Amino acid sequence: MTVAHLRSVPGFSPKPGFCLSQSRVWFQRHGLDWRDFVRNGIDAEALEATGDGLALALVAHARREVANGR
């Protein structure tokens, strides 16, 4: 998962994507390294392990994007 996926996930507001500042807070709350994510992305398993619905939606979106060659 990358920042591009985070910024393009559909369906949660009129515009696609999650808010970066609130995503940073979410990463901190779940003990995940925001800066490392921004630089290198994050494994789907790390997001899935949170059990959070928004994280699961992001993983599903990223997998669809990768499957479609994006």
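**Notebook: helix H5 and its neighbours**

I started with helix H5, residues 53–67: it has 15 residues and runs 21 Å from first C-alpha to last, close to the 21 Å expected at 1.5 Å a residue. That expected span is 1.5 Å times one less than the number of residues. Helices here are DSSP runs of H or I with at least four residues, numbered from the N terminus.

Before going on, I noted that this is a predicted model, where local features need pLDDT of at least 70 and side-chain atom pairs count only at pLDDT 80 or more, while totals for chains, interfaces and linings use all residues. Residues are numbered from 1 along each chain as its sequence is written, and side-chain values use heavy atoms, with hydrogens and water left out.

**Which side faces in**

Which residues of H5 are buried? I found Ala55, Leu58, Val59, His61, Ala62 and Glu65. Looking down the axis of H5, I see these buried residues fall within an arc of 165°, so they line one face of the helix. The arc is taken from the directions from the helix axis to the C-beta atoms. For burial I used relative accessible area: buried is under 20%, exposed is over 50%, and partly exposed is in between (1.4 Å probe, protein chains only). Next I looked up what covers the buried residues of H5, and the cover includes helix H1 (3–8), helix H2 (20–29) and helix H4 (44–48).

**The two ends**

Just after H5, I noted glycine 69 with a positive phi of about 80°.

Histidine 61 sits in helix H5, and it counts as buried because its relative accessibility is 4%. Its side chain makes a polar contact with the side chain of serine 8, at 2.9 Å. A polar contact is a pair of N or O atoms within 3.5 Å; within protein, one must be able to donate a hydrogen and the other to accept it, and residues adjacent in sequence count only if both atoms are side-chain atoms. Leaving out residues up to four places away in sequence, I listed His5, Ser8, Val9 and Pro10 as what histidine 61 touches (heavy atoms within 4.5 Å).

Then I followed valine 9, which is in the loop between H1 and H2. Valine 9 counts as buried because its relative accessibility is 2%. With the sequence limit of four places again, valine 9 touches Pro16, Gly17, Phe18, Ala57, Leu58 and His61. I also checked valine 9 against leucine 54: they are 45 residues apart along the chain, and their C-alpha atoms are separated by 9.7 Å.

**Salt bridges**

How many salt bridges does the whole structure hold? My search found 2, each being a side-chain nitrogen of Lys or Arg within 4 Å of a carboxyl oxygen of Asp or Glu.

In one, the side chains of arginine 63 and glutamate 48 meet at 2.9 Å, N to O. This pair links distant parts of the chain, with arginine 63 in helix H5 and glutamate 48 in helix H4, 15 residues apart. Arginine 63 is partly exposed at 41%, and glutamate 48 is partly exposed at 30%.

In the other, glutamate 65 bridges to arginine 70, the closest N and O atoms being 3.1 Å apart. Glutamate 65 is buried at 15% relative accessibility, whereas arginine 70 is exposed at 61%.

Technical notes: Helices (H or I, at least four residues) and strands (E, at least two) are DSSP runs, numbered from the N terminus.
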